[in-house]
Each structure stands twice: as structure tokens, then as C-alpha cells.
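Please look over the model shown here before you read my notes. Keep the sequence beside you as you go.

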Amino acid sequence: MTASACEYIPGLANVPAAQSSISYVDGKKGILEYRGFQIEDLAAKSTFLETTYLLIWGQLPSKQQLADFENEVRYHRRIKYRIRDMMKCFPETGHPMDALQTSAAALGLFYARRALNDPQYIREAVVRLIAKIPTMVAAFMQMRKGNDPIQPNDDLDYATNFLYMLTERIPEPLAARIFDVCLMLHAEHTINASTFSAMVTASTMTDPYAVIASAVGTLAGPLHGGANEEVIFMLQDIGSVENVRPYVENLIANKSKIMGFGHRVYKVKDPRATILQGLAERLFEQTGRDEYYDIAVELERVVEEKLGSKGIYANVDFYSGLVYRKLGIPTDLFTPIFAIARVAGWLAHWREQIGENRIFRPTQIYTGGHNHPYIPMRER
Ligand code: ACO
């Protein structure tokens with residue numbers, strides 16, 4: 001369905017906002033592809049940085065291209081001490097997504113040159129954002145505990161280094177690999193709310209740091225990236241497998257949303273949720289079961305039974321939190337981790353958008369009045 005001049009479509013549901021070759025979703029069959037590659041294949045064989053390259057530049061890199069990209073990202077992981085000083089002033093009780101949005105926007109102050117027609121500028125901006133966003137997330141995490149940030153370790157790969165900066169210890173290879181796969185799964189997903197936000201901002205030809213900052217702010221909401229935190233709060237609230245059914249029935253009776261379920265596009269189980277559940281089980285085999293896993297499995301069963309006929313199934317946010325908990329990641333970092341991954345997709349859309357840009361300027365259907373006489377204050 002397309003929008004005609006007088007048709008209002010709430011949430012712009014199914015209204016094409018772009019022509020894009022970055023990713024593809026078939027919500028009825030549960031298919032997700034990045035640049036034509038199936039997500040299951042990438043999750044099994046690729047890495048987050050290779051997938052990032054694929055998303056942004058449109059093809060799998062050669063061995064040399066990947067090595068160059070990895071090295072550039074490694075070299076740019078550090079953040080300027082003045083950004084760290086600025087972050088030290090953030091309240092430690094603030095949400096890490098707000099800290100990330102502010103820090104991402106601040107990069108624009110430090111890298112103020114704007115040359116959107118220059119491929120080298122685009123490359124540098126991509127490298128900086130992919131490299132520095134994880135460092136900023138980990139730095140805030142340390143600072144709010146009263147610690148100095150842990151400097152990136154050049155000997156460690158992308159995922160391992162992030163977990164190291166966060167937890168102060170080098171993770172097991174399986175844990176790092178699983179985290180890297182999580183990043184791949186969250187890297188891109190067509191034109192969702194945060195990507196649309198990035199594209200609207202990009203369409204004004206502003207700098208890429210403003211683009212990413214606006215997307216981070218949009219991702220933060222509980223109906224979007226913030227749902228992964230809410231899932232854990234919900235599992236804690238349920239407390240036991242026996243409580244699952246009455247809990248779900250109560251939410252449905254009150255017309256409340258069950259977090260981690262439902263999707264604008266998928267009407268079957270989100271393929272990323274299937275992969276994440278498998279990753280959670282692999283991790284539990286090595287490190288022990290998460291206390292909430294049985295509740296989650298029962299919750300999925302009951303929600304499917306009650307709402308499956310409406311096309312409401314587990315989405316990407318349902319199992320990700322259980323994986324992150326096992327990796328020692330605090331709940332309020334789940335959404336910033338989503339952002340670390342999604343920067344790849346946002347940048348891919350930024351690059352695509354500025355290549356054939358037209359500023360976004362939708363219309364509205366005016367529902368107000370006309371020609372009201374102005375009433376002086378004393379007569380109101
Ligand atoms: N629990 C219970 N009912 C639901 C849920 C849910 N999680 N999701 C949708 N429904 C119901 C709605 O109540 C509505 O029912 P009705 O037709 O009887 O009124 C119907 O399904 C359609 O729901 P909408 O909210 O209109 O669907 P929409 O496509 O606008 O929303 C959304 C999709 C926002 C993801 C929604 O499913 C939701 O709020 N889910 C919970 C939050 C969540 O998990 N968000 C993460 C999504 S994935 C991501 O952003 C990364």
C-alpha cells in the first residue's frame with residue numbers, strides 16, 4: 001500500500017521510505033538477509049567487522065580489505081581525553097543510552113570537517129564510529145563505578161576487546177565469539193524507527209556523528225531497542241515457571257504488551273531470536289543455565305499459544321538479554337550494545353542516503369481550525 005495525498009497511515013506502516021539494497025526481510029517466512037546473504041549463514045561463518053564491511057560497502061571484503069579495515073578500527077579505538085573528561089561529568093545514575101547519545105554527538109565537535117562527497121572522509125567517519133562507540137559505552141560503565149576507563153587492548157579483536165574493557169578480564173573464546181555473533185544479528189534490519197531517524201537526519205546533509213546520535217536516541221525507547229532490558233525485568237517479575245500462565249493472561253486481559261514479542265514485519269518467530277536462543281543454550285552448556293531461562297521458554301510457549309494466531313512471536317529482544325547476562329553484562333547496557341551493533345546498519349543507510357539524497361519532507365493532514373479571532377488576555 002502506498003500513501004496517497006489524503007491518506008494518513010499511522011506509524012507509516014508499509015509505506016516505502018527508500019529504495020535500498022542493504023537488507024531484506026520476509027516477515028511471513030522469517031527470512032533476513034544482509035546484502036543478499038542469509039543471516040544464518042553470516043552468523044555461522046562471518047564476523048561483526050566483516051559483516052559491517054559488507055553492509056556499508058556492499059560486498060564481502062577480500063582478505064586484504066578486511067585486514068586493512070580491522071587494523072584501522074583497532075587503531076582508532078581510543079577516545080580523546082577531553083571526551084573522557086566530558087563523560088566524567090555525566091551523572092553516574094544516568095542511563096548509558098543517554099551517555100552514549102551525548103558522547104556520539106560530541107564526536108562531531110572533535111572531527112568537525114564535513115566532506116560528504118569524499119570517499120576518504122566517509123571511510124574515516126565509518127572507522128571512527130565503529131571503533132569508538134564501544135569504547136565510550138565501556139568507559140561510561142567504568143566511570144559510573146568510580147573507576148578510570150580501561151584502555152582498549154590492541155592485541156584483542158573487536159568483541160574480545162569490548163568485553164575486556166567492560167569486565168576487566170579477557171573473556172573465553174566462546175564467550176567472545178557468541179558476543180560477536182550477537183553484534184552481527186543486531187547490525188541491520190531495514191527501515192526500523194532508529195534507521196529512519198538516521199536517514200531523516202542524514203537527508204539534511206549534516207555530519208555522520210549527528211546522524212548516529214539521533215539514531216541512538218530513537219533506539220533507546222522501550223518499543224524499540226529498549227525492549228531487551230524490559231524482558232529481563234519481566235522475567236524477574238514473573239519469578240517462577242508456575243507464574244508464567246497467570247502473568248500472561250493478566251497482561252492480555254489488561255491489553256498490555258508482552259515485552260520481547262511482536263514485530264511490525266515478522267509474523268513468525270524472528271530468525272534472530274531462533275539464533276540467539278541457540279547461542280544462549282551453547283553458552284549455558286559451558287557456564288551453567290541462567291536462572292530465568294526456563295521461565296523464558298515457558299513464556300514463549302504460552303505467548304505462542306495465546307497470541308500466535310495474531311502473528312505475535314518472540315522477537316530479537318527476547319533471548320538477547322539472557323545471553324548478555326551470562327556474559328556478565330549489566331541490564332542497562334543491553335540497549336547500548338544493540339547500538340554498538342546497529343551503528344553498522346545506520347552507517348550503511350547514511351552512505352546510501354547521501355549518495356542519492358533528497359531531504360525528507362513528508363506532509364500532514366491538518367486537523368485544526370482556521371481564522372480564529374485573537375481574544376485579548378483580559379477577555380479570556
Ligand atoms: N504483547 C501483546 N500484544 C501485542 C504485542 C505484544 N508484545 N505486540 C502486538 N500486540 C497486539 C496489539 O495489542 C494489537 O492488538 P489489537 O489488534 O487487538 O489491538 C496487535 O497485536 C497489533 O499491535 P501493534 O502494537 O499495533 O503492532 P505494531 O506493529 O505497531 O508494533 C511492536 C510492533 C511495537 C514491536 C509491538 O509488537 C510491541 O510493542 N512489542 C513489545 C515491545 C518489543 O518487544 N519491542 C521490540 C521490537 S523489535 C525491535 O525493535 C528491535
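1. Ground rules. This is a predicted model: local features need pLDDT of at least 70, side-chain atom pairs count only at pLDDT 80 or more, and totals for chains, interfaces and linings use all residues. Residues are numbered from 1 along each chain as its sequence is written, and side-chain values use heavy atoms, with hydrogens and water left out.

2. A polar backbone atom of Phe261 lies 2.7 Å from a nitrogen atom of the ligand. Arg264 uses its side chain: an N or O atom there is 2.8 Å from a ligand oxygen atom. How much of the ligand does the protein bury? Alone, the ligand exposes 910 Å², and the protein buries 69% of that. These areas come from the Shrake-Rupley method with a 1.4 Å probe; for residues, only the protein chains shown count as cover.

3. The ligand is in the largest pocket. On a 1 Å grid over the protein atoms alone, a pocket is an open set of points with protein on both sides within 12 Å along at least five of seven lines. A molecule sits in a pocket if more than half of its atoms lie within 2 Å of its grid points.

4. Helix 2. Is helix 2 enclosed or open to the outside? Nine of its ten residues (residues 48-57) are buried, so helix 2 is largely enclosed by the rest of the structure. Buried means under 20% relative accessible area, exposed over 50%, and partly exposed in between (1.4 Å probe, protein chains only). Helices here are DSSP runs (H or I, at least four residues), numbered from the N terminus. The buried residues include Phe48, Thr51, Tyr53 and Ile56. Glu50 belongs to helix 2 too, and Glu50 counts as buried because its relative accessibility is 18%. Glu50 and Ala67 are 17 residues apart along the chain, with 9.5 Å between their C-alpha atoms. Just after helix 2, Gly58 takes a positive phi of about 85°.

5. Glu168 has a phi near 65° and is not a glycine. Glu168 lies in the loop between helix 7 (158-167) and helix 8 (173-185). Its relative accessibility is 48%, so Glu168 counts as partly exposed. Asn371, also not a glycine, has a positive phi of about 55°. Asn371 is in the segment after helix 16 (334-355). With a relative accessible area of 78%, Asn371 is exposed.

6. Ala198 lies in helix 9 (residues 193-202) and is buried at 2% relative accessibility. Ala198 and Ile212 are 14 residues apart in sequence, and their C-alpha atoms are 6.3 Å apart. His189 is in the loop between helix 8 and helix 9, and at 4% relative accessibility His189 is buried. The C-alpha atoms of His189 and Phe338 are separated by 12 Å, across 149 residues of chain. Leu156 sits in the loop between helix 6 (119-143) and helix 7. Leu156 is buried, with a relative accessible area of 10%.

Methods
Polar contact = N/O pair within 3.5 Å; in protein donor to acceptor, adjacent residues only side chain to side chain. 1 Å grid on protein atoms, 1.4 Å probe; cavity = no way out; pocket = protein on both sides within 12 Å on 5 of 7 lines; lining within 4 Å. Helix = DSSP H or I, 4+ residues; strand = E, 2+ residues; numbered from the N terminus.
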